[in-house]
Amino acid sequence: MPDDRSTRGGEALAKIHGGGNWAKNLATLDDIAPDFKNMLQDFAFGEVYSRPGLDLKYRQLATVAVLTAQNKSPNELKAHLRGALKLGWSKRELTEVIMQQVLYAGFPAVIHALMIAREVFAEAA
């Protein structure tokens, strides 16, 4: 039986990434790390994303900013951009957040993130 953080995590994941799509995407890791999906759900989303003080929509925006600045997780940036759109951020707002990162992450990171955003926005159109 799932504990509270597992339930919270599943609910947060469903709001951001929809149903079980996130689980299907991580299923490719089942042969090497079968418990990873539970760790992600229970800790990352059941503990961190579900903390009080900042709603899920703003947590998602922060995630997009960090993934942009890191410039090393294109698949995760795509997923979180999709989630940000689902939670109500506009394409314009997300573009501005990405462009803001030029001050801290540099032009290459922002150009890469904008190219990823263009792809995600085209899918969402």
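**Exercise 1. How many cavities of 30 Å³ or more does a search of the whole structure find? Work out what surrounds the largest cavity.**

Step 1. Keep in mind that this is a predicted model. The search turns up one cavity of 30 Å³ or more, and the largest cavity has a volume of about 40 Å³.

Step 2. Leu67, Thr68, Asn71, Lys72, Ser73, Pro74, Leu77, Ala109, His112, Ala113 and Ile116 line the largest cavity.

Step 3. Sort that lining by element. Helix 4, helix 5 and helix 8 are the elements giving two or more residues, and helix 8 has the largest share, with four residues.

Step 4. Sort the lining of the largest cavity by class: six residues are nonpolar, four are polar and one is charged.

**Exercise 2. Describe the largest pocket: its space, its lining and the helices that build the lining.**

Step 1. Start with the volume: the largest pocket holds about 790 Å³ of space.

Step 2. Assign the lining to helices. At least two residues each come from helix 1 (4-17), helix 2 (21-26), helix 3 (36-48), helix 4 (56-70), helix 5 (74-86) and helix 8 (107-124). Helix 5 supplies the largest share of this lining, nine residues.

**Exercise 3. How do helix 1 and helix 5 pack, and which residues meet?**

Step 1. Take the geometry. The axes of helix 1 and helix 5 lie 7 Å apart, at an angle of about 85 degrees.

Step 2. Classify the angle. Anything from 65 to 115 degrees counts as roughly perpendicular, so helix 1 and helix 5 are roughly perpendicular to each other.

Step 3. List the partners. From helix 1 come Ala14, Lys15, Ile16 and His17, and they meet Ala79, His80, Gly83 and Lys86 of helix 5. By class, this contact of helix 1 with helix 5 has three nonpolar, three polar and two charged residues.

Step 4. Link back to Exercise 2.

**Exercise 4. Which elements have the lowest and the highest mean pLDDT?**

Step 1. Look at the chain: its mean pLDDT is 92, with 96% of residues at 70 or more.

Step 2. Go by element. Helix 2 has the lowest mean, 72, while helix 6 (residues 91-100) has the highest, 98.

Step 3. Apply this to the pocket: helix 2, with that lowest mean, is one of the helices supplying at least two residues of the lining.

Definitions and conventions:
Residues numbered from 1 in each chain as written. Predicted model: local features only at pLDDT ≥ 70, side-chain atom pairs only at ≥ 80, totals over all residues. Heavy atoms only, no water. 1 Å grid on protein atoms, 1.4 Å probe; cavity = no way out; pocket = protein on both sides within 12 Å on 5 of 7 lines; lining within 4 Å. Points joined across faces, edges and corners; volume = space filled by probe spheres on them. pLDDT = per-residue confidence, 0-100. Axes fitted to C-alpha atoms, helices over the stretch in contact; angles between N-to-C directions. Parallel < 35°, antiparallel > 145°, perpendicular 65-115°, else oblique. Contact = heavy atoms within 4.5 Å. Nonpolar A, V, L, I, M, F, W, Y, C, P; charged D, E, K, R; others polar.
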